[in-house]
Amino acid sequence: MQTATTLAALRTASSALRSSGSLALVPTMGALHEGHLTLVREARAAAEHVAVSIFVNPRQFGENEDLDAYPRQMARDSALLEAEGVALLWAPAPEEVYPPGYATNISVSRISDDLCGADRPGHFDGVATVVCKLFNQVQPDLAFFGEKDWQQLAVIRRMARDLDLTLPHVDAIRGVPIVREADGLARSSRNAYLTSSQRAAAAALPRQMETAIARLVAGERADAVLSDLAGELLEAGFDSVDYADLRRGSDLVPASDAAPGNRLFVAARIGGTRLIDNMPVA
């Protein structure tokens with residue numbers, strides 16, 4: 001596995017790989033877990049070569065968020081990626097991605113305004129900006145993202161369409177289903193922040209979501225179901241619920257029933273950790 005830390009080295013390495021076959025990109029912020037490795041395996045099944053980026057993007061963290069505390073485990077992550085057969089690791093320093101004088105920002109309106117966007121102003125601007133840069137830097141044929149961050153995936157797809165990015169077509173941006181623990185909790189780097197008691201309580205999130213979906217499928221009113229879902233999470237030990245919402249999966253327009261394509265979205269806080277999840281309702 002080659003490791004590039006400068007843009008010049010990256011472009012030389014990615015060009016050489018693309019000359020001998022298709023190249024898939026898996027963008028990450030490191031602290032890799034089985035969910036990330038599943039993305040890598042999906043990428044390897046679809047392309048001759050796989051590139052992974054590890055970059056803790058400062059532009060997607062708000063003032064009171066955990067940029068400094070975000071886990072950084074480069075040696076461990078690099079070894080995991082090499083064992084998975086990754087051809088290229090792009091691991092730049094912040095100043096390589098945002099050099100002095102950097103002044104450009106990408107904002108994807110409407111689809112980024114609600115859900116996580118309402119509680120994290122500027123977050124999806126940071127996501128769209130860095131992913132656009134990664135696409136231009138690596139120039140992949142395919143890119144893979146986890147569906148746990150469904151809103152992020154929707155924002156990236158909208159950005160790629162609107163800016164006519166060089167990936168062959170929007171289907172080149174692939175979503176990969178959520179990888180879950182045995183008790184159903186979605187795998188996330190932030191799960192490591194949970195104490196043992198918080199981790200036990202967190203298992204209520206997928207369980208209560210499944211209960212809510214069953215009620216929606218049975219025809220119950222969405223407003224009552226969502227209100228009960230939030231209450232059940234608080235009773236289970238969560239400290240607050242940022243949102244429990246039903247949306248159309250394709251464009252995140254609010255929905256009111258269990259029609260095909262709709263999804264249930266939840267963000268809730270336990271201790272200092274914010275967990276998100278989403279599930280299809282039909």
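This is a predicted model: local features need pLDDT of at least 70, side-chain atom pairs count only at pLDDT 80 or more; totals for chains, interfaces and linings use all residues.
**Strand β8.** I then went through β8, residues 262-270, to see how covered it is. Eight of its nine residues are buried, so I noted the strand as mostly covered.

I followed its pairing with β7, which spans residues 240-248. The two strands pair in the antiparallel sense over eight bridges.

L264 stands opposite M279 in β9. R263 has P280 of β9 as its bridge partner.

I checked the hairpin of β8 and β9 as well. Two residues lie between the strands, and G271 takes a positive phi near 60 degrees.

**Six-stranded sheet.** I moved on to an open sheet of six strands. I read its order as β1-β4-β3-β2-β5-β6, with parallel pairing. The edge strands are β1 (2-4) and β6 (173-176), and each pairs on one side only. From one strand to the next, the twist averages 25 degrees.

I picked one pairing to follow by residue. Strand β3 covers residues 49-54 and β4 covers residues 88-90. They pair in the parallel sense over three bridges. I noted S53, whose bridge partner in β4 is W90.

I looked up two helices here. Helix α1, residues 7-18, lies across β1, β2 (23-28), β3 and β4. I recorded its direction at about 150 degrees to β4. Helix α7, residues 150-162, packs on the sheet and touches β5 (142-146) and β6. Its direction makes about 170 degrees with that of β6.

**H36.** Next I turned to a single residue. H36 lies in helix α2, which runs over residues 34-46. Is H36 buried or exposed? I read 13% relative accessibility. The cut-off for buried is under 20%, so H36 counts as buried. I then listed its contacts, leaving aside neighbours within four places in sequence. They are T28, G30, A31 and S189.

**Second largest pocket.** My last entry is on empty space. I rolled a probe the size of a water molecule over the atoms in mind, since that shows where empty space is left. The second largest pocket holds about 260 Å³ of space. How many residues line the second largest pocket? I counted 14 in the lining. Those nearest its centre are I111, A154, R158, S250 and D251. By kind, the lining divides into five nonpolar, three polar and six charged residues.

Conventions. Residues are numbered from 1 along each chain as its sequence is written. Side-chain values use heavy atoms; hydrogens and water are left out. Helices (H or I, at least four residues) and strands (E, at least two) are DSSP runs, numbered from the N terminus. Buried means under 20% relative accessible area, exposed over 50%, partly exposed in between (1.4 Å probe, protein chains only). Contact means heavy atoms within 4.5 Å. On a 1 Å grid over the protein atoms alone, a cavity is a set of points where a 1.4 Å probe fits but cannot get out, and a pocket is an open set with protein on both sides within 12 Å along at least five of seven lines; lining residues have an atom within 4 Å of a point. Grid points are joined across faces, edges and corners, and a volume is the space filled by probe spheres set on the points. Ala, Val, Leu, Ile, Met, Phe, Trp, Tyr, Cys and Pro count as nonpolar, Asp, Glu, Lys and Arg as charged, and the others, Gly among them, as polar. Two strands pair if DSSP finds at least two bridges between them. Axes are lines fitted to C-alpha atoms, for helices over the stretch in contact, and angles run from 0 to 180 degrees between N-to-C directions.
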